[in-house]
Amino acid sequence: MKVNLLINGQKKTFLIEAGDYLLDTLRKQNYLSVKKGCDNSSCGVCTVLFDGKPIKACSLLTAKTEGHEVTTVEGIQDEADKLSDYFGQEGADQCGFCTPGMALAVHALKVENSNPTDEEIKEYLTGNLCRCTGYQSQHIAIRNYLEDK
Amino acid sequence: MKVVKQVLPSVDGKGLMMGRPAYTDDLADPNCLIVKVLRSPHPHAKIVTIDTSKAEALEGVELVLTYKDFERRPHTRAGQGYPEPSPYDKFVLDQWVRYVGDEAACVAAVDDATADAALKLIEIEWDILEPILDFEKALDNPVLIHPEPEIFENFPIGFDPKRNLAAGYHMEVGNVEDSLKDCEVVVDETFFTQAQAHAAMEPHTVNAKFDYQNRLMIYTSTQTPFHVRRIISQALNFPLSRIRVIKPRVGGGFGGKQHIHGELLVSTVTIKTGKPAKMVYTRKEVFESSFQRHPMKINIKLGATKEGVLKAIDCYILSDTGAYGEHALTVFMVAGAKVLPLYNKVDSVRFYGDVVYTNHTSAGAYRGYGAIQGNFAVESSIDMLCEKLGMDPIEFRQKNMILKDETSPIFAIMGEGTEGIAMNMESCELAYCVTRGKELINWDKKYPRVELPDSKVKGVGMAIAMQGSGIPYIDMGAATIKLNDDGFYNLLIGATDIGQGSDTILAQIAAEALGTTLDKVIVYSSDTDLTPFDVGAYASSTTYVSGNAVYKAAMKMRGEILVEAALALGVNVEDIEYDGVLIKAGDKEMTLVDLSNRLYYSEDQKQLMVTSSYFGTKSPPPFMAGFVEVDVDTETGELEIIDYVSVVDCGTPINLALAKGQVEGGIVQGIGMAVYEEVIYTKKGKKVNNDFLNYHIPTRREINKLTTEFAESYEKSGPFGAKSVGEIGIDTPPAAIANAVYNAVGVRITTLPITPEKILAGILANKAKK
């Protein structure tokens, strides 16, 4: 089947199987920033924005994106560039496997709530797991980014 | 220092966050075959017949592999230096399977769906064998997990498969039984530690292809590219010279990727078909079919005088290596070697035990291996001893723990799989770590407990820990530095960045020694064709061993630059002043940029390129004191970790931000082991929690506050004074949290993890006693 969607502002048509998940479609189409860490929405490394909201691409059927907009980190390069400077200052980017998804989630949070509390940041990003950093350095980096320090 | 001991962003973090393709799966050939494994549903079984004809007939299936396709060449997947101190007890595919998830057969097909369909078409008639699922019943059990005759040990490690014994060990200093008899206060307690999953975000992934010279090129998510190359050659009888292993970016390792995973099957597919192939573990496979931390039963006896002088430590450990013996002996030995020297003033110490086979997922290397288990038992029992003595646990430790310029006989006796090396603690700021940590947690105000409203109690607890810095007389790392025109350098290293930031800190060491800036040192690492050898990322070796190699290479390069500068300026080397940028001799001067351009294009043309190796002759331990503040709900047993204070002596932290990241990442994995994580099996040996919904690694909501500081410390034998920092962070949380819970509510947890159920059961039992 064919699916028509907007990826990072560009109109795309993909030929897919009905049961394909968005994560696999995106990787096949060379959007390699979207990582596969699990297959049941539990790790967050495949986070993309679906009409601006963070979702787990491993658990959304590609067919459901018909007529919708999907954003990967390739579509928010300036924001990711800036956020990575804050991560670098805190040593908050170790293996980097979770960071593209994290950048998208942080970007969505900033759009939704430009002045979140610490608890709101944690709540919003809970589904984006990280096994390397222990989270605190990421939290400080994200807060500084949001406060534009 | 301008580059070292600074906060500098990692060299790779920005590109990775911006989503540049960099990991093994990102680099796979788009048309590669998909390799999948049919995994055993039984914990212990023999394949009577296996029929692959239907799978082979399916359109799109390229190849089906069974044990019949492999020569029986025993090997170990441990990923250690050669000869390994792990038994050669594994075959690529075998007629026997030994745990739920073990490899029974393998398919290669054009896509995922075809590979999955083919797996379902393989028909196996099983002879289901009695499994051993309780490691306390494994030794001398009539059921033998490894009856096969071909397996062997490379050198004596206590391997005795007829007893289900993968390894065994015994050592004693003094006479423990006599010392204990003389002690006025004795503690005798048994502790259990659980299996823990590494849970790196990137699943195990490998891809292979033949290059244009018909050499086997393997990209793999590994911590040990050179060992992988060697083991592929050994296990598949394929010429070493025709194998190139490249480690791209790795999405976390923590020891899990020290081992061989899919490399042998994927290589076989490519060798047999000539086509590119890849395997990406599912998350379920990562949980069930990779490796995990060795569960242990640890019996500790401590004896002291009534004045609080520790006299004797007796430690017996039974360790569960699971189906195969990767790291069986070494993890076991580290439980003693990296814990017992903390209390170096004892008269006698004994450490002994058995590492047994069971029909569980194989245990292997996991950050802090052995040390975290041993630390939980020893540091919990020290607090128990202090209670019997009526002595403050910090005062007791200050009196009995190892200090600067001291040693322990254990250093010489126990290494990792071999004898150890005598060492004096030329850098050891443990005393400062304890004093400073005590201040930071505000111990005097909070110890042992503070009653809070709403049935809650606050408690504090602490533990001390040590690690090593590489494996002396075994680990070697090498570095090559090349000077380019325009005065920048390539740093080529075998060392393996798995996300911990080794590319960055090794480039910092090079830049500092060369007198240049980080952007002028271009790092390329872990390619067996292009970079020099390094054992890889394990045993807390990279900063110290590889770092020393980089330092030596950089100093050698400086020397060569001076020789060329002297020639160019027509002066003697001794007359030159050089700061890494400007070369001056009296009134003559030139820049490094000028010199490097001259060497490439105008006069005395040559390539400056140097290689240095470092072979450790000691393993200076980093030390730390961990302090934790917990709130316990006495009605529910719920535990909240309020603050975790770490004061660490890792010598010079090469990168302040990344070193802190190593400590905090370790602390949170240690908190996971202490409180949240446990691999659970059904009674039939199948894993219950094989995904992130059921296996609970800490999320950001559980982490309230981490307070991390470094002691001022300088290890003379390390690069710019550095020791290791990769593992030390993980060691203290189990004991510190157990001690804090005891201080809060009087419940001593001896079996990890420390769950609300266990705490509440203890509270209720204490109430019943009253």
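# Close-up views of a predicted two-chain model

Seven salt bridges: the count between chain A and chain B is 7. The model is predicted.

**View 1. Chain A meets chain B through salt bridges and polar contacts.** One of the salt bridges pairs R27(A) with D25(B). The closest N and O atoms of R27(A) and D25(B) are 3.0 Å apart. Polar contacts between chain A and chain B number 27 residue pairs, both partners at pLDDT 80 or more. On the side of chain A that touches chain B, the elements giving two or more residues are α2 (77-90), α3 (99-112), α4 (118-125) and α5 (136-147). The largest share of that side comes from α2(A), with 10 residues. In total, the contact draws 48 residues from chain A and 53 residues from chain B. Together the two chains bury about 4,100 Å². Carbon and sulfur atoms account for 54% of that area.

**View 2. Two domains of chain A pack against each other.** Domain 1 of chain A spans 2-73, and domain 2 of chain A spans 75-147, by the domain assignment. Their C-alpha centres lie 21 Å apart. Each side puts residues into the contact: 18 from domain 1 of chain A and 18 from domain 2 of chain A. The area buried between these domains is about 1,300 Å². Carbon and sulfur atoms give 65% of it.

**View 3. A salt bridge and polar contacts link the domains of chain A.** The rule finds 1 salt bridge across the interface of domain 1 and domain 2 of chain A. The side chains of K53(A) and E112(A) meet in a salt bridge, at 3.4 Å from N to O. Between the two domains of chain A there are also 8 residue pairs in polar contact, both partners at pLDDT 80 or more. Strands β3 (47-50) and β4 (53-56) of chain A each supply at least two residues of the side of domain 1 that touches domain 2.

**View 4. Domain 1 of chain B contacts domain 2 of chain B.** The domain assignment of chain B gives domain 1 (13-129 + 201-252 + 256-289), domain 2 (296-471 + 618-769) and domain 3 (476-615). The contact between domain 1 and domain 2 of chain B takes 23 residues from domain 1 and 29 residues from domain 2. The C-alpha centres of these two domains are 35 Å apart. Between them, domain 1 and domain 2 of chain B bury about 2,100 Å². Of this area, 56% is on carbon and sulfur atoms. The count of salt bridges between domain 1 and domain 2 of chain B is 2. E288(B) forms a salt bridge with K686(B), with the closest N and O atoms 3.2 Å apart.

**View 5. F351(B) and I737(B) sit in the largest nonpolar core.** This core holds 173 residues. F351(B) and I737(B) touch the most other members. Helix α9 (residues 371-389) of chain B gives the most to this core, with 10 residues. Apart from it lies another core of 52 residues, including L38(B), A45(B), A55(B) and V245(B). Leaving aside residues up to four places away in sequence, I737(B) touches V628(B), L639(B), I641(B), Y644(B), I671(B), A674(B), V675(B) and I754(B).

**View 6. D631(B) is a buried residue in a strand.** D631(B) lies in strand β25 (residues 623-633) of chain B. Its relative accessibility is 12%, so D631(B) counts as buried. The side chains of D631(B) and K458(B) are joined by a polar contact of 2.9 Å. Beyond residues up to four places away in sequence, D631(B) touches L452(B), V457(B), K458(B), E638(B), L639(B), E640(B) and I642(B).

View 7. N689(B) is placed in the loop between α17 (656-676) and β27 (706-710) of chain B. With a relative accessible area of 5%, N689(B) is buried. A polar atom of the N689(B) side chain lies 2.6 Å from the backbone oxygen of E678(B). The backbone nitrogen of I680(B) lies 3.0 Å from a polar atom of that side chain. Not counting residues up to four places away in sequence, N689(B) touches F287(B), E678(B), V679(B), I680(B), N694(B) and Y695(B).

Conventions: Residues are numbered from 1 along each chain as its sequence is written. Chains are lettered from A and ligands numbered from 1 in the order in which they are written. This is a predicted model: local features need pLDDT of at least 70, side-chain atom pairs count only at pLDDT 80 or more; totals for chains, interfaces and linings use all residues. Side-chain values use heavy atoms; hydrogens and water are left out. A nonpolar core is a set of buried Ala, Val, Leu, Ile, Met, Phe, Trp, Tyr and Cys residues joined through side-chain atoms within 4.5 Å. Buried means under 20% relative accessible area, exposed over 50%, partly exposed in between (1.4 Å probe, protein chains only). Helices (H or I, at least four residues) and strands (E, at least two) are DSSP runs, numbered from the N terminus. Contact means heavy atoms within 4.5 Å. Domain bounds come from an automatic or database domain assignment. Buried area is the accessible area (1.4 Å probe) that two parts lose on being put together, summed over both. A salt bridge is a side-chain nitrogen of Lys or Arg within 4 Å of a carboxyl oxygen of Asp or Glu. A polar contact is a pair of N or O atoms within 3.5 Å; within protein, one must be able to donate a hydrogen and the other to accept it, and residues adjacent in sequence count only if both atoms are side-chain atoms.
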